[in-house]
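Hi there,

Here's the structure I promised to pass on. Have a look at it first, then read my notes below.

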Amino acid sequence: MLKISIDKLDALFEAISAEQTLYIPADREDGAAEYKKYKSGMKLSNALNTVRSAKDFFFPQTENLVDFKMEGKNIEVIDIRKESEDFVIFGVRACDARSFTILDKVFLCEPVDSYYKTRREHGTVVTMACTRPAETCFCGTFGIDAAAPEGDAACYSDGESIFFEAHNEKGQKFIDSISSLLEDGDTSKLDETREKTRAILKKLPLANLSTDAFGGDKLMEHFNSDKWGELSESCLGCGTCTFVCPTCQCYDIKDFNTGHGIKRFRCWDSCMYSDFTKMAHGNPRLTQLERFRQRFMHKLVYFPSNNNGEFGCVGCGRCLSKCPISMNIVKVMKALEVK
Amino acid sequence: MNKDTLIPYIGVVTDIRQDTPDVKTFRVVSPEGDKVFEHMPGQCAMLSIPGVGEGMFSITSSPTNKEFMEFSIKKCGCLTTWLHAMDVGQQITIRGPYGNHFPVETELKGKDLLFIAGGIGLAPLRSVINYVRDKRADYGSVQIVYGSRSKDDLVDYKEIIDEWLTDEGIEVNLTIDNPQEGWDGHVGFVPNYVKELNPSINKTVLICGPPIMIKFTLAGLKELGFTDTQVYTTMELKMKCAVGKCGRCNIGDKYVCKDGPVFRFDQLGELPDEY
Amino acid sequence: MQVNENKEFQPLIVAFCCNWCSYAGADLSGTNRLNYPSNVKIIRVPCSCRVNPMFILRAFQKGADGVILCGCHPGDCHYTSGNYFTRRRMTLLFSMLDFLGIERDRTRVEWVSAAEGAKFAATMNEFTEAVKKLGPNRRLEDLRCRKQ
Amino acid sequence: MQEAMINRAKQLLADGTVNRVIGWKRGEFAYDITPAVFQSAEELDADFVFDDFTSANVSKYLVKESKKEGKILAFLKPCDTYSFNQLTKEHRVVRENVYIIGIPGGPKLDAEKIKAKGITGILGVKNENYTLKIDTIYGEETMPFYEAVLDKCASCKSKKHVVFDELIGEDGDVLESNRFEMVEKLENMTAQERYDFWRDQFSKCIRCNACRNVCPACTCEKCVFDNPNSGVENKAPADSFEENMFHIIRAFHVAGRCTDCGECSRVCPQNIPLHLLNRKFIKDINSLYGEYQAGEDTTSRAPLNDYKQDDCEASIVHERGVE
């Protein structure tokens with residue numbers, strides 16, 4: 001397998017960023033990691049994952065959809081879409097990589113979302129296998145192998161070198177573009193590392209979490225469960241879980257009056273917000289119970305029902321560590337699976 | 001680049017008709033004067049005034065009308081207030097058609113039809129009624145039960161009187177909630193009226209109106225011997241994208257904008273009661 | 001305001017004026033034919049305490065380079081005490097804007113009575129000059145509203 | 001302590017003084033504790049927890065809970081009692097429907113700070129003589145207790161309970177705190193440096209509204225930022241201006257009412273030091289209008305609902321500090 005020594009990573013990043021925009025997870029001064037545009041001297045974070053997921057790259061928090069000019073009774077529609085540039089996201093974890101397949105199911109089904117599709121076509125996802133999963137990880141529950149991530153190309157570290165493997169044409173193109181920096185390497189130590197990681201994954205506190213009790217066929221049973229009241233009672237109705245979630249994809253479309261035109265933009269929205277379903281004549285989800293239920297039902301029942309049983313969660317654990325009141329999908333699953 | 005469904009077309013309002021004190025019907029064509037797009041009865045379109053808002057409205061005119069589209073809109077929120085305030089010649093943005101439609105070419109073909117509407121609920125059904133009238137030979141008997149708060153609140157009263165009532169082979173039953181001067185027709189709520197009329201249980205029912213009317217009418221129909229599979233309705237929930245992605249108009253795993261808005265009652269029965 | 005290389009920068013000033021004193025003061029400066037810059041856009045409010053911090057921020061959002069709030073002199077409020085509350089509120093707001101690094105000369109509170117037409121004109125001249133020196137508002141600007 | 005609390009709660013449930021208890025519920029790990037309402041002795045025995053991670057301020061829940069049938073028992077830490085008192089003053093809670101047991105306060109721990117040290121796979125956390133022994137999947141780790149303390153606890157202002165029906169443990173005193181240190185440090189920077197500091201912080205904001213929703217002083221039925229008619233209703237910052245505006249208005253609206261409980265910073269998923277904005281207002285109020293501690297009592301007038309004829313003019317802002 002082709003590899004590069006870890007101390008030559010800087011040269012690698014320089015080479016990639018010379019060709020196209022490169023994003024890597026980097027440490028912030030507060031100790032958390034976030035994806036940043038690579039600049040010389042920037043170091044790859046050792047953190048397990050970023051606070052915000054990588055969905056931003058394909059489904060940004062806000063984006064301009066279309067502009068309007070209003071003049072008298074006339075309206076002019078201005079298509080502001082531009083062909084975007086190629087970019088590489090390096091160091092995506094297995095969970096986030098899987099989240100893109102989930103987002104694809106939403107945005108690439110008919111009618112295709114051209115904004116998402118363009119970015120997807122231009123982005124190369126280079127994943128990085130995990131070696132130190134945390135207690136909040138439960139990607140295994142959704143059939144994800146953190147030691148063998150998906151993505152266009154994958155990287156594996158054995159502590160000394162990083163090995164590259166292409167998963168598709170785009171990934172191969174990426175590896176070809178940096179092949180002058182790579183050399184052939186022996187993978188025996190890597191195989192060892194991978195086995196070690198898999199052994200840890202099996203020992204994680206949430207390793208036994210199961211999805212058996214969920215799926216499209218359990219709709220009425222879970223919807224009518226009497227546990228939602230207790231589970232949702234301390235929910236603050238904020239959007240933290242939604243906004244850090246790599247698979248939450250609900251959005252709002254709004255207009256902004258700039259004083260010299262209208263900008264229609266799309267932004268992330270959260271089903272946890274009180275006005276999410278509010279209409280002129282009323283609101284079908286009046287209390288936090290219904291909103292809370294919607295979020296988890298969507299991930300565990302509605303999404304699999306519409307997508308051949310695939311769940312809308314990747315077990316990244318972000319909501320476990322970020323929810324202000326520590327209520328999360330794991331607690332919901334554990335409560336609901338008890339009959 | 002290809003056209004994205006979220007980027008709307010321009011529509012020009014060429015006629016505005018005040019139907020009732022709070023309902024206006026807008027005629028919309030493209031700037032070139034053609035129909036903006038083709039649709040099927042029951043489908044919807046997103047209308048918007050940039051800077052004010054965007055909303056889903058059912059297309060009231062029949063697809064057999066090849067000249068223009070019509071929307072009957074009740075004034076109730078921010079966008080609809082704006083629409084009601086505009087003048088002829090105003091441009092709006094329009095995208096669509098969205099959603100499924102009444103199965104006029106399949107299940108409904110050859111059937112005896114019973115339309116039940118309340119108030120502005122006539123808007124989506126009018127599209128089907130006129131479609132059926134234009135392709136009269138394809139369908140059996142047609143009966144329309146339409147009720148409103150008062151005579152003045154009957155949407156499209158003129159069309160009902162001038163065209164539907166004079167049409168042979170269409171039975172039109174009108175009712176209003178309270179007695180009113182100048183009204184010699186039936187007085188009473190729609191659910192009771194339907195029971196009084198005692199329609200044949202061979203008919204296929206298309207119903208639209210306020211939720212409370214639907215609830216009681218459905219109960220009445222069941223008493224008469226109708227089954228859930230005979231009754232169709234059309235739904236409405238908050239929508240932003242209209243293409244099943246923004247994630248708010250779902251009832252259980254079904255998106256009203258994409259899998260609906262037309263549902264048969266046995267399908268609704270399988271969904272949670274969250275609408 | 002357009003920034004043109006050939007032209008001197010002309011700031012947009014929003015002045016909230018209370019109906020009872022400052023607006024009348026502005027009126028008086030007009031009838032007395034006193035000059036004050038046309039860059040000043042006056043918004044009349046019933047009382048200076050009607051102005052909520054959001055008004056100030058939104059003025060900046062929509063393109064203002066400076067915001068000045070004028071009311072009756074302390075003790076002269078038509079509603080007895082409105083301007084006293086304004087004073088506390090604006091002191092805290094301006095202090096906060098300063099804390100966030102927004103140039104402190106972009107905001108001001110000035111008491112102008114109905115008889116002080118000259119003071120109104122002088123204040124506006126002086127404030128406009130001060131803002132002009134600072135240049136266009138960039139730190140509290142909504143980029144979407146900037147004219148290309 | 002936890003046992004004493006459970007026992008007292010059981011007694012009060014048994015003798016009918018209260019019909020439910022608000023406290024903290026054990027989670028999956030050592031640190032993920034959820035505020036919860038307990039209805040019975042069994043539930044208390046099974047899940048009630050009070051330890052180094054029970055930092056959540058439960059007083060905001062009492063806005064809703066105190067309007068329900070029957071009396072509720074609330075365990076309040078000193079800082080929580082200030083929030084509760086402030087809510088009482090604003091008539092947002094029904095005091096008679098809450099039975100308050102004052103319990104000792106922090107310092108409480110911040111799991112994020114432990115994780116920021118690179119400690120991962122946390123299975124258990126023990127405090128041994130102010131050294132944290134952290135059991136992880138990767139072996140045992142240690143770190144000094146005080147390095148993992150929540151920011152809000154590190155600059156604790158008071159150990160005194162300002163409202164209670166009874167106490168478990170001792171009541172404390174108002175403390176001399178260093179809570180304005182960082183505010184002062186910022187004040188002494190240049191405007192450009194301050195601007196850069198806040199731009200850096202606010203650009204992290206994802207507008208999840210956690211700071212607003214957790215704040216015991218934010219109890220509007222409908223927030224201006226949720227009201228489509230306000231013209232500022234926005235869900236995601238499309239522009240840096242919106243980030244600024246949201247945080248200025250959020251802090252301004254609680255100015256003079258904020259008790260400095262520090263929940264806003266605790267819940268921020270992006271670690272933005274939001275409490276600094278609130279403290280800036282508190283510091284200004286203290287220095288310009290006289291010392292004032294929101295929530296200390298239920299009778300005094302809030303500084304922004306009050307005035308003196310000889311208050312300073314707004315121009316004072318231009319005259320002091322660094323430009």
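This is a predicted model: local features need pLDDT of at least 70, side-chain atom pairs count only at pLDDT 80 or more; totals for chains, interfaces and linings use all residues.

Which residue of β9(A) does A:Lys3 stand opposite? It's A:Phe163. Residues are numbered from 1 along each chain as its sequence is written, chains are lettered from A and ligands numbered from 1 in the order in which they are written, and side-chain values use heavy atoms, with hydrogens and water left out.

Back to chain A. Strands β1 (residues 2–5) and β9 (residues 161–166) of chain A pair antiparallel over four bridges. (Strands are DSSP runs of E, at least two residues, and helices are runs of H or I, at least four, numbered from the N terminus; two strands pair if DSSP finds at least two bridges between them.) Both belong to an open sheet of eight strands, ordered β3-β2-β6-β7-β8-β9-β1-β10 (chain A), with mixed pairing. At its edges are β3 (33–37) and β10 (183–184) of chain A, each pairing on one side only. Helix α4 (residues 169–177) of chain A packs on this sheet, and its direction makes about 140° with that of β9(A). (Axes are lines fitted to C-alpha atoms, for helices over the stretch in contact, and angles run from 0 to 180 degrees between N-to-C directions.)

Chain D has an open sheet too: three strands in the order β5-β6-β7, paired antiparallel. β5 (122–128) and β7 (139–144) of chain D each have a single partner strand, so one side of each is left without a neighbour in the sheet. The twist averages 20° from one strand to the next. Six bridges join β5(D) to β6 (residues 131–136) of chain D, and D:Ile122 stands opposite D:Thr136 in β6(D).

Now for where chains A and B meet. Here 47 residues of chain B are in contact (heavy atoms within 4.5 Å) with 50 residues of chain A. Together they bury about 3900 Å², 56% of it on carbon and sulfur atoms; buried area is the accessible area (1.4 Å probe) that two parts lose on being put together, summed over both. Three salt bridges cross this interface, each a side-chain nitrogen of Lys or Arg within 4 Å of a carboxyl oxygen of Asp or Glu. One of them links A:Arg264 and B:Glu54, with the closest N and O atoms 3.3 Å apart.

Cheers
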